[in-house]
Amino acid sequence: MPGSVHVQSDSSDVSSSDSSVLDGERKTTNGLVLYETNGTTHGKVGADGAPGESVEDEATVEDNYDAGMKTGLKQLYSGKEDKKGRYQWQDRIPEDIGDPAENAETAKWAIIVRNVKVYNDPRRVLAIHSIVVQSPLLKKLLAKALKGYPGVTVGLNRLEFTGKFEPLIHRWAGLQSAIAAVSDDTDDGKLTKQHAELLQGILIDEFKSLIDQSQDMMSKGVMTFEHLWTMFQPGAIVFSRQDGQETALTLQETKYGVDSKGAICFWLTCKYVDWDGAKFGVNKLNLSIPAFTGTRHINQLRVFPLQYHSDAEALRERLIERGAKAEALAGPNYRAYSGIAWRQGAFGQKDKHNVKGRIVIDTYGWNRFNPSHAVYVTPLNQKDPVPKSSDDLDGDGESDDEDEYEEGDDSGMPMDGHFADEEDSATHIPLTTEQKLICTPLLRGYSLKNKLWLNFFVNCVKDIEWQTDAFDRLVLPKNQKELILGFTESQRKYRDTFDDVIEGKGRGMILLLCGPPGVGKTLTAESVAEEMKVPLYMMSAGDLGLDPRRVESKLQDILEMCTRWNSVLLLDEADVFLEQRSLHELERNKLVSIFLRVLEYYEGTMFLTTNRVQTFDPAFQSRIHISLDYQELSIDSRKTVWQNFLGSSNQEHTITKSQLTELAHMNMNGRQIKNILKIARLLAQRKEAQLSYDHIITTLEVTQHLHNETQFSERARGSLYH
């Protein structure tokens, strides 16, 4: 009866008692073995045959346990479920439980095939749910056929295939060849062939129509949306166009799903090689093919395997050549560019810019100055080798694992929170041919003309055509030109050898070029940069703005960029920011104080140009290393300027030496001479004649009033002070 207690004194009585005792809970208390079933406790004598203590004493002992202190475990089982799948826990084993389907007996079979019922299909009532390969001989065969297939480890004790059986379908041709190549000369060979033919027969019965249909469509260059997965094998090279650029990628995985708008599509996760400023690595890219009806030509899909391209071999060569160029441009590089570049907009769109000029390719700088769009990669370094068991080797004694690379996360952050040291970039391992094939078509850098960090396309990058005669054509006294060039070149080479009391302070070189307009101040900085073959950054008031809070951060960024690139920094019309402080203009005083402090820590070469040096704040005088005063052009200088401009044009002229001397006696600066010649050339071209002295005189007569007004205003201004 419920709640009663029975004590058995003989071990044989246990087997003859109700079998429910064996299904109950086993407990030990003071040498007694107790079984509890359905609320009834059954006792047993100790191993020495002596009768145990009374159960009443045992109950007293049990009541003395604190919560969680009783040795042993208590099993609970799920009860019968209701219509909503809910159940209560109970301490009795469910009555409808059966024996496990897989046991020591099933482990003997070479292959286990699990089947499930099929509904709403008049052609069959059962379908294969999964296949378990247990034969070691068959595993050895599959190791060859499935070598390198992602996500498949053939050496496992239980090699299981499920779902759509993608590995076996994708490698169907290779599997067929491997089975046909098995020799039955030995006992192992005969047994391997038997096991392999078993698997082959199962797959043919289940998937023959699918395989035949897929291969028939692929042979004709078409495919349906439902069978796309049969064409895309993980690890294969696929082709797509990204931003109009031909791109090859390594396929990682595929699946059917929906896009951001809820439309059905086929997703492909691909990998490509990219550069993060210090090392090459792998990045992921998700591509999709929207659903379509009927068949479609494979090479008209958004993404398709590379071998289906109409000119696959030529495409491979182009992409490998582009990858080699991208590898050569790793690290800071000063190049020319002509084409479209883009950057990510505030709302995720791509803002395109037409760039024609010089750029600095610098991914490390991109990460430094655009941290929200920084590039990070999973390193290409191979993992440490893991000891292989005999099951992991194929028949040739080779590992069946493909080259594995370190797996990074997808959090959008670099490893350990910081980007790799730029000094590591010089020691990176050269890319293989396959890695060059899947290298990104993008380079990150800075457009010196647009003053923007942009994504550039590798194929649009060109070598710079240097103007080697720019410095020679600069009309300045010879000793003055040598002084400027000598200072700037020495500053770039030896800037680290000099330091202030405070580290990093006072390493820069600031040159002030002052003089009237049109005498070559700006041209000096431009020709020095051209002679040294370094970038020229032309900073203006518009680059910095007038808000003191933003001016300081922008100025520091510009100075840091110029220091990184060893560039020449030109601050044209510097008096805008360096004008003397006053008691009444607080905002201007802020800007001047910012420049005074920040310039102290600049480590590069800076040219300041002005024609109002008298307005400079006195604090700048001690920060300027060299000050050069440009005088009005002499007659000989003006003659040289005329000769330079006339000689630089392809247009023929009839101006004689005597006429050139007459022109040199006219009081004009270099910019005015350039403008006069430009207009005169247009006039000659209009008349389809050679440039003559008359064309220049006609132009001078038309524009002389402006020149006269300028000279009159200068004389009037001079009379006020004398």
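Student: Where is Leu448 found?
Tutor: This is a predicted model. In it, Leu448 sits in the loop between β20 (442-447) and β21 (452-457).

Student: Is Leu448 buried or exposed?
Tutor: Buried: the relative accessible area of Leu448 is 12%, and the cut-off for buried is under 20%.

Student: Which residues is Leu448 in contact with, leaving aside neighbours within four places in sequence?
Tutor: Tyr334, Arg358, Val360, Pro535, Leu536, Tyr537 and Trp565.

Student: Switching to the helices. At what angle do α3 and α5 cross?
Tutor: Roughly 130°, with the axes of α3 (residues 136-145) and α5 (residues 172-180) coming within 9 Å. The two helices are therefore oblique to each other, and the crossing is right-handed.

Student: Which residues meet there?
Tutor: From α3, Leu141, Leu142 and Ala145; from α5, Gly174, Leu175, Ala178 and Ile179. The residues of this contact are six nonpolar, one polar and no charged.

Student: And which residues of α5 are buried?
Tutor: Trp172, Leu175, Ala178 and Ile179. Viewed down the axis of α5, these buried residues fall within an arc of 125°, so they line one face of the helix.

Student: What covers the buried residues of α5?
Tutor: The cover includes α3, α4 (166-170) and α6 (187-219).

Student: Which exposed residues are on the face of α5 turned away from the buried side?
Tutor: Ala173 and Ala180.

Note on methods: Residues numbered from 1 in each chain as written. Predicted model: local features only at pLDDT ≥ 70, side-chain atom pairs only at ≥ 80, totals over all residues. Heavy atoms only, no water. Axes fitted to C-alpha atoms, helices over the stretch in contact; angles between N-to-C directions. Helix = DSSP H or I, 4+ residues; strand = E, 2+ residues; numbered from the N terminus. Parallel < 35°, antiparallel > 145°, perpendicular 65-115°, else oblique. Left-handed = near helix turned anticlockwise from the far one by under 90°. Contact = heavy atoms within 4.5 Å. Nonpolar A, V, L, I, M, F, W, Y, C, P; charged D, E, K, R; others polar. Buried < 20%, exposed > 50% of the residue type's maximum accessible area, 1.4 Å probe, protein only. Arc of directions from axis to C-beta.
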